[in-house]
Amino acid sequence: MKVFIMDPVSPKVIEEISKKYETVAYPESRDRNWHEEADALIVRTWVVSAEDIEKARNLKIIAKHGVGVDNINVLAAKANNILVTNTPGANAISVAEYVVTLALSLYRSVPLYSYRVRYGEWKALPKAFELSEKTVGLVGLGDIGLRVAKILKSGFGARVLAYDPYAPEQLFTENGVERVLTVDDLLTTCDVVSLHVPLTPQTRNMIARRELSMMKEDAVLINVSRGGIVNEDDLYDALKNNVIFAAACDVFVEEPLNKDCPLLELDNFVASPHVGGSSNESLIRMGMGAFASVDAALNGQSPKNLIS
């Protein structure tokens, strides 16, 4: 049986899969006719459309190397009896640490200082903030949001608020996180706002002009979840007009991000190429989790973390 790996993954993962299956790894996988050959796909950001699924002759499973499955047409897969799985929690440590990295970088303007020093400028900016004892707001208290809360509470003495209508009350009380009933309550109160929700019709443009105008003038916004949750045009206006202090996005509506994106002109904006979950350790965990699902499916077993 053939396993096609459509995106870069850890060499250790490829080595393990190759011990049991014929493995076609990236970039060769994109040049081959996977529609005709593949029994299983492992994808990160590679898009698997309804048209792709209709063409697939032998495909039994699409295993997401990560959490969000918005790049896979799940309904089409289900209609064609193709399993879809993901690897929840496997990158939670990496993303949570990245959120804290971005918060510190924004508050101290680290990327801007690095750029300016390279061009001979040696002076302090007029504003800089400590993260310690700030009020942090999390939109979503899943695996990643909870890890962010724990790091900031234990390491920085932060007060942590969260909006998550699906999380049980026990999760809040056991971890010392204060529940807010609306996103508006969180935005008006918090110094740091970090987004940890999937992209759905309900969350698309969740943070737009109105919401940005509610935030504190010295607040920072971090989006490591999905592009489209923040309205990028409205974010540009808010940052350009100093409605909020700064923002960082690891995800965008269109990826790769166009180098002419207006946000990249701003000194108070930090961009990264969807790498929040990409540490060496997390890539191995996600890859091996995806492989475990593939292995189960190809042996007639029900894989864990089944989406459809």
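Because the model is predicted, local features need a pLDDT of at least 70 and side-chain atom pairs count only at pLDDT 80 or more, while totals for chains, interfaces and linings use all residues. Residues are numbered from 1 along each chain as its sequence is written, and side-chain values use heavy atoms, with hydrogens and water left out.

Five strands form an open sheet with parallel pairing, in the order E2-E1-E3-E4-E5; strands (E, at least two residues) and helices (H or I, at least four residues) are DSSP runs, numbered from the N terminus, and two strands pair if DSSP finds at least two bridges between them. Strand E2 (22-24) and strand E5 (83-85) stand at the edges, and each has a single partner strand, so one side of each is left without a neighbour in the sheet. From one strand to the next the twist averages 15°, where axes are lines fitted to C-alpha atoms, for helices over the stretch in contact, and angles run from 0 to 180 degrees between N-to-C directions. Strand E1 (residues 2-5) pairs with E2 in the parallel sense over three bridges, and the bridge partner of Lys2 in E2 is Glu22.

The charged side chains come next. A salt bridge here is a side-chain nitrogen of Lys or Arg within 4 Å of a carboxyl oxygen of Asp or Glu, and by this rule the count comes to 21 salt bridges. One of them joins the side chains of Glu16 and Lys19, at 3.0 Å from N to O; Glu16 is partly exposed at 29% relative accessible area, whereas Lys19 counts as exposed at 57%. Lys55 forms a salt bridge with Glu51, and their closest N and O atoms are 3.6 Å apart. Because Lys55 and Glu51 are four residues apart in helix H4 (residues 50-55), they are separated by about one helical turn. In this pair Lys55 is partly exposed at 38% relative accessibility, while Glu51 is exposed at 53%.

Another salt bridge brings together the side chains of Asp184 and Arg210, at 2.4 Å from N to O. This pair links distant parts of the chain, with Asp184 in helix H10 (residues 183-189) and Arg210 in helix H11 (residues 209-214), 26 residues apart. Asp184 counts as partly exposed at 23% relative accessibility, and Arg210 counts as partly exposed at 45%. Salt bridges also link Lys2, Glu28, Arg32 and Glu37 in a network.

Rolling a probe the size of a water molecule over the atoms shows where empty space is left. On a 1 Å grid over the protein atoms alone, a pocket is an open set of points where a 1.4 Å probe fits, with protein on both sides within 12 Å along at least five of seven lines, and lining residues have an atom within 4 Å of a point. The second largest pocket has a volume of about 640 Å³, a volume being the space filled by probe spheres set on the points, which are joined across faces, edges and corners. Its lining holds 22 residues, of which Leu112, Leu266, Asp267, Asn268 and Phe269 lie nearest the centre of the pocket. Helix H6 (92-108), helix H7 (110-118) and strand E12 (269-271) are the elements that give two or more residues to this lining.

Notes:
Buried means under 20% relative accessible area, exposed over 50%, partly exposed in between (1.4 Å probe, protein chains only).
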